[in-house]
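User: I want to learn how to read helix packing in a model. Can you take me through a case?

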Amino acid sequence: MADDGFLMEVCVDSVESAVNAERGGAGRIELCSSLLEGGITPSMGVLQVVKQYIQIPVFVMIRPRGGDFLYSDREVEVMKADIRLAKIHGADGLVFGALTEDGRIDTELCMELLAVSRPLPVTFHRGGGITERNLQRILEGSGVQEFHCSARSPRDSGMKFRNYCVSMGTSLSTSEYSTKVTDVGKVRTLNAMAKNIL
């Protein structure tokens, strides 16, 4: 828990965003890749480099694909392998969630994953997030001591050559010549708001 009585966790998908989150006052990061898909398990290379550049705890997302949270047996095998690898490569904690086909928490699977995760702490994940628009409403009267956000802003690419006839990604609404990076100012703003509310 942070000295202020709450913990701000920022969801990041790059080394730059991890550094910016720490600079902005985050108490912990959730490391993932492909935030456009809602966040999936990052590469172990990203984890290792992030750990070299920041001092705050790094919790690693364990999610084999985007989409819903109903996983096949093979996807569960991947999740367990990713948990073991994240532990080996220095994760301070893990983040995952699983649902049944009718949308209930899959407690049996979550318990299996928790067993593989020991002794690391685990955060249950099922989408959502905090923004400047909803932070006050969520914090007032809820009693929460931790909150999670991505606090990202678009940043134009330095790429000078641009071929607009070919797209490398599946999303046509986002330019491939722009990336979203954690914004130090947004992290600081959310932290300040939380300090005033709590």
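Analyst: Start with one residue. Ile83 touches Ile62, Leu94, Phe96, Leu113, Val116 and Ser117, leaving aside residues up to four places away in sequence. Contact means heavy atoms within 4.5 Å. This is a predicted model: local features need pLDDT of at least 70, side-chain atom pairs count only at pLDDT 80 or more, and totals for chains, interfaces and linings use all residues. Residues are numbered from 1 along each chain as its sequence is written, and side-chain values use heavy atoms, without hydrogens and water.

User: Is Ile83 buried or exposed?

Analyst: Buried means under 20% relative accessible area, exposed over 50%, partly exposed in between (1.4 Å probe, protein chains only). Ile83 has 0% relative accessibility, so Ile83 counts as buried. Ile83 lies in helix H3.

User: How do I describe two packed helices?

Analyst: Use the angle between their axes and the distance between the axes. H3 (residues 73-88) and H4 (residues 107-117) pack at about 25 degrees, with axes 9 Å apart. Angles under 35 degrees count as roughly parallel, so H3 and H4 are roughly parallel to each other. Their crossing is right-handed.

User: Which residues in H3 and H4 meet?

Analyst: Val76, Met79, Lys80, Ile83, Arg84 and Lys87 in H3 meet Leu109, Glu112, Leu113, Val116 and Ser117 in H4. By class, this contact has 6 nonpolar, 1 polar and 4 charged residues.

User: What angle do helix H1 and helix H2 pack at?

Analyst: About 30 degrees, with the axes of H1 (residues 15-24) and H2 (residues 44-53) 9 Å apart. Val15, Ala18, Val19 and Glu22 in H1 meet Val49, Val50 and Tyr53 in H2.

Note on methods. Axes are lines fitted to C-alpha atoms, for helices over the stretch in contact, and angles run from 0 to 180 degrees between N-to-C directions. Helices (H or I, at least four residues) and strands (E, at least two) are DSSP runs, numbered from the N terminus. Angles under 35 degrees count as roughly parallel, over 145 as roughly antiparallel, 65 to 115 as roughly perpendicular and the rest as oblique. A crossing is left-handed if the near helix is turned anticlockwise from the far one by less than a right angle, and right-handed if clockwise. Ala, Val, Leu, Ile, Met, Phe, Trp, Tyr, Cys and Pro count as nonpolar, Asp, Glu, Lys and Arg as charged, and the others, Gly among them, as polar.
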